[in-house]
Structures are given as C-alpha cells and as structure tokens.
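Biologist: I would like to learn how to read charged pairs in a model. Can we work through one together?

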Amino acid sequence: MSVRQATTPLVNIQNVAVIRGNRLVFDRFSLTADNGDIIWIRGANGSGKSTLLRLIAGLLPMASGQMTVSGVIALADENLALDPNMLLEAALGFWAKMDAASADAREKALAAMDLVPLADMPVRYLSTGQRKRANLSRLLASQAPIWLLDEPYNGLDSANATRLDAALLKHAGKGGIALVAAHRAPSINVAQSISLDRQAATA
C-alpha cells in the first residue's frame, strides 16, 4: 500500500484481495474516492464492510492488489476509543491533542452531535446512543480529510442521524472524503453506492 500526505485526499483501490482466517473476504475489488465524495458501502453481515474500512485504515493487510491513500484517516467503528473514567470533554481533548486539533474544533464537534450538555459527564455513564455520538464527535474533531465510518447510524435516533448527515455534507463540502459502511442508506446524496454482496458473489 502507498500512503501519501497530500492537499487533495484520495483513496484508490485497484484489484485488491483480502483474506481473513483462511477465508477470501473479497477479491479483485476496486474503488476510487476523490475529494468531496461520500460513498455508501453496503452489504450483509460478513460481506466485508468492516474489513474494507480496516484495510483502508492500515489495520489489515491485503493479499494482492494496489492501494493508494492520500490524506490523514479517522476511523469510527464499534470500538469506543475514549477513556471511560474521564469526563467526556477531557476524553475528547486527549484525542484532539493527539490529532493536533484545536479546542474550537473539539467544541464544534460536541455541538454538532448535541453533546455540549454532557461535556462534564464521565464517559462510563453515557448511554449506548450517547457513546455512539461521542465516538462520532471524536472523528469530527480530528479534522482528518478521510473519514471511515462503520455502522455510524446504529444507536442514533432520527434527530441525531440528521445531525450526522449534516456533518457528512459539511465534510464533503470542504473537500473531504467519507466512506460510510452501513445497512441503512444515508438520507443524503452519495457519490457512489457499492454493494459488497455483489462483489463477494463474483469473487
């Protein structure tokens, strides 16, 4: 895999195969995401949605093919990478510092996911939906040009799903890339809709 830091974000995957646990997850898979693209990755459980995002994030190897990523990546998946014993704002502040994000970016991320009233609550007391929003706020605050979101709508009510859609549109409007792996279709226009079910059937 080639990773380049550039002004214009890009994810370019060509004829990639991934094997996990002696199982071919997908083969000859190709995808190109350019600046401003929101791409919906869909498919049944086990089709490889999470595997694809983890591959792009550099957390999994590919068996064959080529992949080029230009730009910093932020991944939001089922893992809540926030210290449960810290107050929410402080926990987000830890990651904001790691990402070299400003305090203003952190505050805007809290506001975008309607978490300002919970800023002084320990992370361990957050509900499932609140934890999901906190994880998404971490991604927003990172200001990374490439977002990878794994089932981001799970645990969100309609109001917070709308907030997420607004954040995605704002990110794309600034030239960012978002790959959204989800059973539920985003209620916003996407540049591409890719089914891993079809890809797996032809692999």
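**Reading the salt bridges**

Modeller: Start with K108, which is exposed, with a relative accessible area of 51%. Keep in mind that this model is predicted.

Biologist: Which residue forms a salt bridge with K108?

Modeller: Side chains of opposite charge can pair when their charged atoms come close. Here, the partner of K108 is D104, with the closest N and O atoms 3.2 Å apart. D104 is partly exposed, at 41% relative accessibility. Both residues sit in helix α3 (residues 103-112). They are 4 residues apart, about one turn of the helix.

Biologist: How many salt bridges does a search of the whole structure find?

Modeller: The search finds 4. One of them joins D77 and R54, whose closest N and O atoms are 3.8 Å apart. This pair links distant parts of the chain, 23 residues apart. D77 is in the loop between β6 (73-76) and α2 (88-98), while R54 is in helix α1 (residues 49-56).

Biologist: Is D77 buried or exposed?

Modeller: Buried means under 20% relative accessible area. D77 has 8%, so D77 counts as buried. R54 is partly exposed, at 26%.

Biologist: Where does D114 find its salt-bridge partner?

Modeller: D114 pairs with R163, the closest N and O atoms being 3.7 Å apart. D114 lies in the loop between α3 and α4 (128-142), and R163 lies in helix α5, 49 residues apart.

Biologist: And what does N160 touch?

Modeller: Leaving aside residues up to four places away in sequence, N160 touches M113, D114 and R133. N160 is buried, at 6% relative accessibility.

Definitions and conventions. Residues are numbered from 1 along each chain as its sequence is written. This is a predicted model: local features need pLDDT of at least 70, side-chain atom pairs count only at pLDDT 80 or more; totals for chains, interfaces and linings use all residues. Side-chain values use heavy atoms; hydrogens and water are left out. Buried means under 20% relative accessible area, exposed over 50%, partly exposed in between (1.4 Å probe, protein chains only). Contact means heavy atoms within 4.5 Å. A salt bridge is a side-chain nitrogen of Lys or Arg within 4 Å of a carboxyl oxygen of Asp or Glu. Helices (H or I, at least four residues) and strands (E, at least two) are DSSP runs, numbered from the N terminus.
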